[in-house]
Every structure is written in C-alpha cells, then in structure tokens.
Amino acid sequence: MSVTSWFLVSSTGIRHRLPREMIFVGRDDCELMLQSRSVDKQHAVINYDKEKDEHWVKDLGSLNGTFVNDMRIPDQKYITLKLNDVIRFGYDILLV
C-alpha cells in the first residue's frame, strides 16, 4: 500500500486531503462541499483504486461540467488524475 497522500488545493490555498475511498463533490450533502452556484448539488465523484494507487474523477451529468486541465471530461466516464492536474468543478478550480 502506498504511503503517498493526495490533496486537492483550492485557488485560495485550502488543502483537502483525498481519502482512499469514493467521495462525492458538490454543493449539498457531499464529502467535499463547494459553495458555488456553478456547482450542482451532487456534481462529481472522486474514486480511489487501491491496486493502482490512483484517484479517478467522474462528472455526474452536471450542468456546468467538470474539467481536468481545461478539458471538459465526458459525463459518467472516469478520468485518472495525475500529480499537478488542475480540476475545475463548474467554475471552482482545484489542483491535485
């Protein structure tokens, strides 16, 4: 098992530790809540693959999209996150 810790870092420098489990990202009743009108109540999910020690992000059909390095990711398709990826949920930017 990896000892590497992964974090999301907001544009204001706030660090959110990524757990080694699935978390939901959104505006309401989610493990990672973002206070933005451009973020849906349940906007995206970040999942962890312990065999590969990788985090994946998937958009849940949100109105304003989920972006990795300024590219909108397809709805309902997991994208593998890499160190220094920039993730945007609607208009909220986070750095891996």
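Okay, hi everyone. One definition before we start: two strands count as paired if DSSP finds at least two bridges between them. Keep that in mind, and remember too that what you see above is a predicted model.

Let's begin at the start of the chain. Trp-6 stands opposite Leu-18, which belongs to strand S2. The two strands here are S1, residues 6-10, and S2, residues 15-18; they run antiparallel, and 4 bridges join them. Between the strands of this hairpin there are 4 residues, and Gly-13 takes a positive phi there, near 95 degrees. What sits over its ring? The charged end of Arg-15 does, 3.9 Å from the ring centre.

There's another arrangement of that kind further along. The charged end of Arg-88 sits over the ring of Phe-67, and the distance to the ring centre is 3.8 Å.

Now, how far can we trust all this? The mean pLDDT of the protein is 90, with 95% of the residues at 70 or more.

On to the record. UniProt, in an unreviewed entry, places a feature called "domain: FHA" at residues 23-73. In our model, that stretch is 45% strand and 0% helix, and its end C-alpha atoms are 18 Å apart.

You can find both kinds around S3. With S4, S3 runs parallel, joined by 2 bridges. In that pairing Val-25 stands opposite Leu-32, and Gly-26 stands opposite Met-33. With S5, S3 runs antiparallel, and there the bridges number 3. If you want a pair of residues to look for, take Ile-23, which stands opposite Ile-46 in S5.

Okay, loops. In the loop between S3, residues 23-26, and S4 you'll find Asp-29. Phi of Asp-29 is near 55 degrees, which is a positive value in a residue other than glycine. Is Asp-29 buried or exposed? The cut-off for exposed is over 50% relative accessible area, and Asp-29 has 67%, so it counts as exposed. Asp-53, in the loop between S5 and S6, also has a positive phi near 55 degrees, and again this is a residue other than glycine.

Compare that with Ser-36, which lies in the loop between S4, residues 32-33, and S5, residues 44-49. Buried means under 20%, and the relative accessible area of Ser-36 is 11%, so Ser-36 is buried. Which residues is Ser-36 in contact with, leaving aside its neighbours within four places in sequence? The answer is Arg-27 and Asp-92.

Let's move to the aromatics. Searching the whole structure turns up 1 aromatic pair. The partners are Trp-56 and Tyr-78: their ring centres are 5.5 Å apart and their planes are at 55 degrees, so we call the pair tilted. These two come from distant parts of the chain, 22 residues apart, with Trp-56 in strand S6, residues 54-59, and Tyr-78 in the loop between S8, residues 71-72, and S9. Trp-56 is partly exposed, at 22% relative accessible area, and Tyr-78 is partly exposed as well, at 29%.

Last stop: Gln-76, which has its place in the loop between S8 and S9. Gln-76 is partly exposed, with a relative accessible area of 48%. What does Gln-76 touch, not counting residues up to four places away in sequence? It touches Lys-58, Asp-59, Leu-60 and Gly-61. And from Gln-76 to Val-57, which is 19 residues away along the chain, the C-alpha atoms are separated by 9.4 Å.

Definitions and conventions
Residues numbered from 1 in each chain as written. Predicted model: local features only at pLDDT ≥ 70, side-chain atom pairs only at ≥ 80, totals over all residues. Heavy atoms only, no water. pLDDT = per-residue confidence, 0-100. UniProt positions renumbered as here; feature names shortened; annotations may be inferred. Phe/Tyr/Trp six-rings, centres within 6.5 Å; stacked < 30°, edge-to-face > 60°. Buried < 20%, exposed > 50% of the residue type's maximum accessible area, 1.4 Å probe, protein only. Lys NZ or Arg CZ within 6 Å of the ring centre and 35° of its normal. Contact = heavy atoms within 4.5 Å.
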